[in-house]
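Please consult the sequence and the structure shown below while reading.

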Amino acid sequence: MDQQTSAGKLGMWVFMAQELLFFSGLFCAFGFVRYMYPEMVSQAQSSMDWRLGGINSIILLVSSLTMSLSVRSARSNNRSGTIKFLIATMICGFAFLVIKATEWGMHMHEGYFPGKYFNPVHHAEVQDPLAHIFFGLYYVMTGMHGLHIVVGLGLMTWMLVRASRGEFNSENYVSLENTSLFWHLVDIVWIFLYPLLYLAK
């Protein structure tokens with residue numbers, strides 16, 4: 001069991017390093033666009049609702065706490081606590097996706113599409129034709145992050161099934177802990193995305 005635990009943790013850390021490299025490429029691309037078109041990026045960012053982004057940030061921070069408490073409950077042989085905190089984390093994840101989908105809907109309603117489909121309505125704040133570059137990156141970055149949220153929810157669903165069977169205890173919790181590490185990675189990425197997309201003017 002110790003060998004399996006060590007191998008599982010090592011594999012998860014390697015995977016997380018690869019994920020960080022992937023998102024780092026997107027961050028660099030955004031930095032380049034911001035350097036090349038500072039006025040366009042500043043104008044496009046004015047359409048971002050920092051309040052919704054802030055609410056989502058709080059939701060993910062709370063979900064990190066509940067996920068950690070779920071692992072702690074498993075290590076303490078507290079089956080009900082493990083299940084309860086897993087469900088709380090999943091609720092936070094779903095809430096995040098609902099808010100993000102609402103944001104996307106608001107942007108699309110204004111005509112803020114990526115690429116050649118960028119066609120803002122006449123009363124939209126952002127009219128710069130180059131803003132399609134910003135929104136292209138915005139949809140890719142938040143879309144990939146949202147995809148990771150969906151994957152995390154899928155993993156937690158499986159962990160919930162296993163927890164309900166009583167599979168996790170003080171001797172066997174590495175799968176749940178690895179799921180927790182993945183979820184923390186998702187949270188960390190958002191901590192960088194939020195100020196980058198919503199606050200940096």
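Which residue forms a salt bridge with glutamate 103? The partner is lysine 100, and the closest N and O atoms are 3.0 Å apart.

## Basis of the model

The model is predicted; local features need pLDDT of at least 70 and side-chain atom pairs count only at pLDDT 80 or more, whereas totals for chains, interfaces and linings use all residues. Residues are numbered from 1 along each chain as its sequence is written, and side-chain values use heavy atoms, with hydrogens and water left out.

## Salt bridges

Side chains of opposite charge can pair when their charged atoms come close. A salt bridge is defined here as a side-chain nitrogen of Lys or Arg within 4 Å of a carboxyl oxygen of Asp or Glu.

Helices (H or I, at least four residues) are DSSP runs, numbered from the N terminus. Both glutamate 103 and lysine 100 are buried. Buried means under 20% relative accessible area, exposed over 50%, and partly exposed in between (1.4 Å probe, protein chains only).

Glutamate 167 forms a salt bridge with arginine 162 at 2.7 Å, N to O, and another with arginine 165 at 3.5 Å, N to O. Through these shared partners, Arg162, Arg165 and Glu167 are joined into one network.

How accessible is arginine 162, buried or exposed? Arginine 162 counts as buried because its relative accessibility is 13%. Arginine 165, in contrast, has a relative accessible area of 53% and is therefore exposed. Glutamate 167 is partly exposed, with a relative accessible area of 26%.

Serine 180 lies in helix 6 (residues 174-199). Its relative accessibility is 5%, so serine 180 counts as buried. Not counting residues up to four places away in sequence, serine 180 touches Met67, Ser68 and Val71, where contact means heavy atoms within 4.5 Å.

Helix 5 (residues 131-164) packs against helix 6 at an angle of about 160 degrees, and their axes are 10 Å apart. Axes are lines fitted to C-alpha atoms, for helices over the stretch in contact, and angles run from 0 to 180 degrees between N-to-C directions. The angle makes helix 5 roughly antiparallel to helix 6, a term for angles over 145 degrees.

Notes. Helices (H or I, at least four residues) and strands (E, at least two) are DSSP runs, numbered from the N terminus. Angles under 35 degrees count as roughly parallel, over 145 as roughly antiparallel, 65 to 115 as roughly perpendicular and the rest as oblique.
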